[in-house]
Amino acid sequence: MKYSLGILLLFTTLTCPATDVGIFDASRMNGAGLVLSTGSQVSSFRAIWQDNGAAWRATGVLTPSFLASVTVFVTGQINATGLTAAEQTALVAWVNGGGTLVVTGESAGLGSQPAYSTMLNPFGVTISGTTATGTGSVLGAHPITQGVGGVYMVTNGRLTGPASSLQLINDPDGYLAGLVMEGTSEVGAGRLFAFGDFDTLTNGHLPHHSDLQTLVRNIAKWAMAPKSILKGAVLLGNFVGDPTGKTLDLSFQQGGNLIFAGSAVLDSQGNYQYATTNAGTFDVVAKADCWLSSKITGVVLDLSTKTLDWDLPINGDVDENNAVDLLDLNSIMVNFGETGSMADLDGDGTVGLPDLNLVFLNFGLTGE
């Protein structure tokens, strides 16, 4: 087939793919004007999120079915109605399964900090007190703080977080005002960003501070970035104990070169979940504590959820150098009879003859 037209021009409108973002409706907010999807006091905040693809989904109650319909949940300025126990359970499960939670707290004066605590405390984060108005400083390099010189705040609520969190922002009094958690035991495959002052993100302040606008834009892009999620079961050979808290280290390689790495934490059934914004085809190497590593080739990460199970049969690497050798044998002998030791390879509670036999059985072997 021939065409007489030499040049074909195609005109298209480029838009961001929509992301379902969960929010509270007016029943849980500190006024109808603060409802993120419609409120008159948050139109600037709303516009930035919508420009990056946010499609709002409002609810008065956090249920498993509602949370399953969104990939991000953003609090905004809530009222004093805290989460019920059932809502907390649903929220923690959703985050651990890969959801992204953005909690924007407030000063103590508004009376909503106990409500924010019901969202933050299950992840090891606290909010308390009130600090001065002024410009806070950026502490850590992260996509959320990229291009942000300083952060203007209006009587911020002070945050604390677990050691696994990354401190991003201090308020003008030097207290922690912003933190992020990714790939930690507290959030599983999900992510959490906590910020101590939503007032500063309302129309009274956000339009007048370019750094705040950059911060909100960064939060929206980070929160709505599509993720690849790997999940599955890990079979730990020659182990009779509870695998809860065991670490599964994952290395993603191409052509023998390390591209990126991460880790996940096992639950009581030996299940794990790991999320990343990376995509592509990788050889994946998994190593769990005292087990030698194993490799699965040609794993496709395509920003969807995939099941990837691991069989790690070779136990005995006490020092975790990915080989069973004299150093591991020495660790067994030094800790013989002890409890609570890494040298308790079989997980029966005590370092003993079964652990020594595992080292002899696998002596000289190395991981993939």
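**Pockets and an open sheet**

Reader: Quick one: how do the residues lining the largest pocket divide by class?

Author: There are 13 nonpolar, eight polar and four charged residues in that lining. Nonpolar here means Ala, Val, Leu, Ile, Met, Phe, Trp, Tyr, Cys and Pro, charged means Asp, Glu, Lys and Arg, and the others, Gly among them, count as polar. This is a predicted model, where local features need pLDDT of at least 70, side-chain atom pairs count only at pLDDT 80 or more, and totals for chains, interfaces and linings use all residues. Residues are numbered from 1 along each chain as its sequence is written, and side-chain values use heavy atoms, with hydrogens and water left out.

Reader: OK, and how much space lies in that pocket?

Author: About 400 Å³ in the largest pocket. A pocket is an open set of points on a 1 Å grid over the protein atoms alone, where a 1.4 Å probe fits, with protein on both sides within 12 Å along at least five of seven lines; lining residues have an atom within 4 Å of a point. Points are joined across faces, edges and corners, and the volume is the space filled by probe spheres set on them.

Reader: Which residues are closest to its centre?

Author: Thr-19, Thr-71, Met-224, Ala-225 and Pro-226, out of 25 lining residues. Two or more residues each come from β1 (19-24), α2 (64-68) and α5 (210-224), and α5 gives the most, four. Those elements are DSSP runs numbered from the N terminus: helices are H or I with at least four residues, strands E with at least two.

Reader: What about the second largest pocket, what lies nearest its centre?

Author: Glu-182, Arg-191, Ala-275, Thr-276 and Thr-277, among 20 lining residues. β14 (257-265) and β15 (271-276) each give two or more, with β14 giving the most, four. The space in this second largest pocket is about 330 Å³.

Reader: Switching topic: in what order do the strands of the open sheet with β14 run?

Author: β14-β13-β16-β17, with antiparallel pairing; strands pair if DSSP finds at least two bridges between them. β14 and β17 (294-301) are at the edges with a single partner strand each, so one side of each has no neighbour in the sheet. On average, neighbouring strands are turned by 30 degrees against each other, direction ignored.

Reader: How many bridges join β16 to β17?

Author: Six, with β16 covering residues 280-288. Thr-281 partners Val-300, and Phe-282 partners Val-299. The two strands form a hairpin with five residues between them, and Asp-289 in the turn has a positive phi of about 40 degrees.

Methods: Axes fitted to C-alpha atoms, helices over the stretch in contact; angles between N-to-C directions.
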